[in-house]
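This report describes one protein chain for a reader who is new to structures. Look at the sequence and the model first, then read on.

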Amino acid sequence: MSKHDFLPPERLNAINRLTVVARLLSSAVHDTRNALQIVTGHAELFAEAAFDQEKARERSRIILSQADRATQRMHGLVTMTQPDGRPA
């Protein structure tokens, strides 16, 4: 038997919801951190390649794409955590 076997069903439901939220948050943080590392790396490369317009454009596209990815991920997380499912 586990320690959760003696909890009322409402408490078990709350624990399960918190577990799901914690996993979602962990995933969102990991994904956002990855996107920010990509943004940082390409910003550094952009600074080095600024004299080459084509390379600068490509780096800019990557930076914008990753920033958008992180923004969408955070928007989705905020929407999921709202009681009515609407964005904050």
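A salt bridge is a side-chain nitrogen of Lys or Arg within 4 Å of a carboxyl oxygen of Asp or Glu. By this rule the chain has 4 salt bridges. The model is a predicted one, and every value below was computed from it.

**Overall layout**

The protein chain holds 2 helices and 0 strands. Of its 88 residues, 15% are buried; a residue is called buried when its relative accessible area is under 20%. The chain exposes about 6,800 Å², and carbon and sulfur atoms supply 60% of that area. Among contacts with a separation of 6 or more, 51% are between residues 24 or more positions apart.

Do the lengths of the helices agree or disagree with their residue counts? The expected span of a helix is 1.5 Å times one less than its number of residues. Helix α1 has 41 residues, so it should span 60 Å; its end C-alpha atoms are 59 Å apart, which agrees. Helix α2 runs over residues 53-81, and its 29 residues should span 42 Å; the distance between its end C-alpha atoms is 42 Å, which also agrees.

Which residues of each helix are buried? In α1 they are Ala28, Asp31, Thr32, Ala35, Val39, His42 and Ala49. In α2 they are Ala56, Ile63, Gln66, Ala70, Leu77 and Thr79. The buried residues of α1 pack against α2, and those of α2 pack against α1, which covers residues 9-49.

The N-terminal end of α2 is capped by Asp52, with a side-chain oxygen 3.2 Å from the backbone nitrogen of Glu54.

**Residues between the helices**

Gln66 lies in helix α2. Its relative accessibility is 12%, so Gln66 counts as buried. Leaving aside residues up to four places away in sequence, Gln66 touches Ala35, Ile38 and Val39. Two of the residues it touches, Ala35 and Val39, are listed with the buried residues of α1.

Gln72 is another residue of helix α2. The C-alpha atoms of Gln72 and Thr32 are separated by 9.8 Å, although the two residues are 40 residues apart along the chain. The side chain of Gln72 also makes a polar contact, at 2.8 Å, with the side chain of Asp68.

**Salt bridges**

| Pair | Closest N to O distance |
|---|---|
| Asp31 and Arg69 | 2.4 Å |

Asp31 and Arg69 form a salt bridge, with their closest N and O atoms 2.4 Å apart. This pair links distant parts of the chain: Asp31 is in helix α1 and Arg69 is in helix α2, 38 residues apart. Arg69, with a relative accessible area of 30%, is partly exposed.

The pair of Glu54 and Arg57 lies within helix α2; because these residues are 3 residues apart, about one helical turn separates them. Glu54 has a relative accessibility of 46% and counts as partly exposed. Arg57 is partly exposed as well, with a relative accessible area of 41%.

Arg61 and Glu58 both lie in helix α2, also 3 residues apart, or about one turn of the helix. Relative accessibility is 44% for Arg61, which therefore counts as partly exposed. Glu58 is partly exposed too, at 36% relative accessibility. Salt bridges that share partners join Glu54, Arg57, Glu58 and Arg61 into one network.

Which residues make the nonpolar surface patch? Val20, Leu24 and Met80 make it, and its area is about 260 Å². Leu24 belongs to helix α1. Its relative accessibility is 33%, so Leu24 counts as partly exposed.

Conventions:
Residues are numbered from 1 along each chain as its sequence is written. This is a predicted model: local features need pLDDT of at least 70, side-chain atom pairs count only at pLDDT 80 or more; totals for chains, interfaces and linings use all residues. Side-chain values use heavy atoms; hydrogens and water are left out. Helices (H or I, at least four residues) and strands (E, at least two) are DSSP runs, numbered from the N terminus. Buried means under 20% relative accessible area, exposed over 50%, partly exposed in between (1.4 Å probe, protein chains only). Contact means heavy atoms within 4.5 Å. A polar contact is a pair of N or O atoms within 3.5 Å; within protein, one must be able to donate a hydrogen and the other to accept it, and residues adjacent in sequence count only if both atoms are side-chain atoms. Patches are made of residues with over 30% relative accessible area and no salt bridge: like charges are joined within 9 Å, nonpolar side chains (Val, Leu, Ile, Met, Phe, Trp, Tyr) within 5 Å. Accessible areas come from the Shrake-Rupley method with a 1.4 Å probe; for residues, only the protein chains shown count as cover.
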